[in-house]
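Q: Got this model open on my screen. Can you walk me through how its pieces pack together?
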Amino acid sequence: MEFDMIGVHPGIANAFRRLMLSEVPSMAIEKVYIYNNTSIMQDEVLAHSLGLIPLRADPRRFLYKTEESGDQGNEHDTLEFELKVKCTRRKDVKDSSNFDTIYKNHKVYSGQIKWLPKGKQSQIFSETDVGCIHDDILINQLRPGHELDLRLIAVKGIGKDHAKFSPVATAFYRLLPEIKLNRRIEGKEAFLLQKCFSPGVIGIDENDCAYVKDARYDTCSRNVYRYPQLENAVAMSRVRDHYIFNVESVGSLKPDVIFIEAVKVLKEKCRKFLEEIEAA
């Protein structure tokens, strides 16, 4: 999602960016109980990889896990999964060198993780509501005799505690570029100027004169300053209170929802701060 934020202080814009990255919660695998792992992947590497698999579960429908709920958690704050895979050789395939053909369960994917409902969760959710967002994430590769027997515990958390809880793949902003032509630029110089900027920034009219079509797409490459004849023809700057935000969601929450949740977090922080000031 791309959206504009206009007329605010830089600190406010940066606060929203940081909140989306580190304080809007999501669900992620926190603990991995390994009952059997005979693959070549070490236990800690396997557990770390599983923790980074994005889950579809909506964090707004769960509570933060507390000490009262114990290690296993409960239906209100914990999701439980299992991964049981054993690699075997297919007896009906002989003349082949393709591992996917001669071995069964040669590759372990996130789609093989099964949800184990706790309490009344099966009445509220379906497996598509809480399972892995992508079923084709490669977790491990096995050979005959290799086996995985795991139990996975997912809880609600924030990116400030661990990056796996961050609901966004990326969230950043940039200032709106501003480009002004200091003189009339036409002919070969106009086409040269057009090539100095990203596509769509500089246009050429019917008289072969250059004009600023849309400065928004400019990447501020400064290529125009490589040419002495164009060096003083363009003035480049940025609008200091116009921010262009880009938010890419991991998948559990839509980008617009993530931003609204960030607004709620900031609002709650302001409320607590005002209460502390009044109580002082």
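This is a predicted model: local features need pLDDT of at least 70, side-chain atom pairs count only at pLDDT 80 or more; totals for chains, interfaces and linings use all residues.

Q: OK, at what angle do helix 1 and helix 7 pack?
A: Helix 1 (residues 10-22) and helix 7 (residues 255-279) pack at about 110°, with axes 9 Å apart. They are therefore roughly perpendicular to each other. Axes here are lines fitted to C-alpha atoms, for helices over the stretch in contact, and angles run from 0 to 180 degrees between N-to-C directions. Helices (H or I, at least four residues) and strands (E, at least two) are DSSP runs, numbered from the N terminus.

Q: Which residues in helix 1 meet helix 7?
A: Phe16, Leu19 and Met20 do, and on the helix 7 side their partners include Phe259, Leu266 and Lys269. Contact means heavy atoms within 4.5 Å.

Q: Switching to helix 6, which of its residues are buried?
A: In helix 6 (residues 188-196), Ala190, Leu193 and Cys196 are buried. Seen down the helix axis, the buried residues fall within an arc of 115°, so they line one face of helix 6. That arc is taken from the directions from the helix axis to the C-beta atoms. Lys188 and Lys195 are exposed, on the face turned away from the buried side. Buried means under 20% relative accessible area, exposed over 50%, partly exposed in between (1.4 Å probe, protein chains only).

Q: What do those buried residues pack against?
A: Strand 10 (168-181), strand 11 (202-204), strand 12 (210-212) and strand 13.

Q: And strand 13, how many bridges join strand 1 to it?
A: Five, with strand 1 and strand 13 (residues 234-249) running antiparallel. Glutamate 2 has asparagine 246 as its bridge partner in strand 13.

Q: Last one: what's the strand order in the open sheet?
A: The order is 2-9-3-7, with antiparallel pairing. Two strands pair if DSSP finds at least two bridges between them. Strand 2 (26-37) and strand 7 (114-116) are the edge strands, each pairing on one side only.

Technical notes. Residues are numbered from 1 along each chain as its sequence is written. Side-chain values use heavy atoms; hydrogens and water are left out. Angles under 35 degrees count as roughly parallel, over 145 as roughly antiparallel, 65 to 115 as roughly perpendicular and the rest as oblique.
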